[in-house]
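Let us walk through a protein model step by step. Keep the sequence and the 3D view side by side.

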Amino acid sequence: DPVAVHQARVGVLAVRVGAALGQARPHLIELGAAGCLMDIGLWQLPAGLVGRVGGLTPQEQARYETHPQAAAELIRGWTPPWPRLPEIVLQHHEREQGQGFPRGLTGEAILLPAKILGLVDSYAALTGPAGLRPHEAMREILRARHQAFPASLVKALLNEISVFPPGTLVRLNSGEVGRVVAVNRHHPLRPRVEIPDPRSGNFKVVDLSEAPFLYITSPVTDGPR
């Protein structure tokens with residue numbers, strides 16, 4: 001089931017982001033549980049509606065936006081061991097400037113775990129099957145970070161994913177094309193890159209985190225996804 005797979009991806013990555021932010025173990029367990037349950041309300045909607053998110057009529061969109069309440073109500077009925085769990089699930093589509101749903105909450109009114117889930121949910125949706133590459137998804141998120149997500153959370157997510165996974169072909173500002181051979185965890189946009197040396201016919205490996213004037217301008221689109 002695509003919804004179950006998506007929830008599992010969100011749960012795992014949300015825990016990683018929460019850990020990077022220094023969340024205590026009980027809160028990480030709560031966060032992982034929320035990620036794995038946040039979309040159970042979608043199973044109460046028509047299957048065709050869920051598959052067409054993004055091209056819905058106003059009436060269908062309104063129906064779609066009921067799924068956080070449906071999920072929270074189901075979870076409350078189970079009496080979960082984490083008292084905040086229903087509220088976290090209810091808030092996972094709220095956004096920093098009040099443009100989310102179902103209640104249009106803003107800023108500190110949104111629980112931190114719900115903010116983490118919202119960010120990771122967006123990233124996972126963008127990078128799903130036949131979706132965007134990691135760097136493309138992060139570009140979309142970064143464009144909206146001041147409106148939708150706190151910068152500190154975006155940075156934590158960026159540090160937990162491989163924006164340019166090993167094997168990705170990239171173009172550098174020097175005009176050279178290289179292949180990513182290793183990721184720098186603390187500098188995800190500046191990996192180690194293997195570049196052909198036309199003079200020797202060999203390859204040189206450059207650590208972009210140690211080369212301040214050399215950087216990636218774009219991936220080479222015919223490289224591996």
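Leaving aside neighbours within four places in sequence, which residues is Gln91 in contact with? Contact here means heavy atoms within 4.5 Å. By that rule, Gln91 meets Arg103, Leu105, Ala109, Ile110, Leu111 and Ala114.

A word on the source first. This is a predicted model, in which local features need pLDDT of at least 70 and side-chain atom pairs count only at pLDDT 80 or more, while totals for chains, interfaces and linings use all residues. Residues are numbered from 1 along each chain as its sequence is written, and side-chain values use heavy atoms, with hydrogens and water left out.

Back to Gln91. Find it in the loop between helix H6 (85-90) and helix H7 (112-126). Helices (H or I, at least four residues) and strands (E, at least two) are DSSP runs, numbered from the N terminus. Is Gln91 buried or exposed? Gln91 is buried, because its relative accessible area is 3%. Buried means under 20% relative accessible area, exposed over 50%, and partly exposed in between, using a 1.4 Å probe and protein chains only.

Now follow H7 to its partner. Two packed helices are described by the angle between their axes and the distance between the axes. H7 and H9 pack at about 50 degrees, and their axes are 10 Å apart. Axes are lines fitted to C-alpha atoms, for helices over the stretch in contact, and angles run from 0 to 180 degrees between N-to-C directions. H7 and H9 are therefore oblique to each other. Under 35 degrees counts as roughly parallel, over 145 as roughly antiparallel, 65 to 115 as roughly perpendicular, and the rest as oblique. H7 contributes Leu112, Lys115, Ile116, Leu119 and Tyr123 to the contact, and H9 contributes Leu153, Val154 and Leu157.

Stay with H9, residues 151-160, and look at Glu160. Glu160 counts as buried because its relative accessibility is 8%. Not counting residues up to four places away in sequence, Glu160 touches Leu13, Arg16, Val17, Ala20 and Arg185. The C-alpha atoms of Glu160 and Ala14 are 9.7 Å apart, although 146 residues separate them along the chain.

Two strands pair if DSSP finds at least two bridges between them. Leu169 stands opposite Arg179 in E2.
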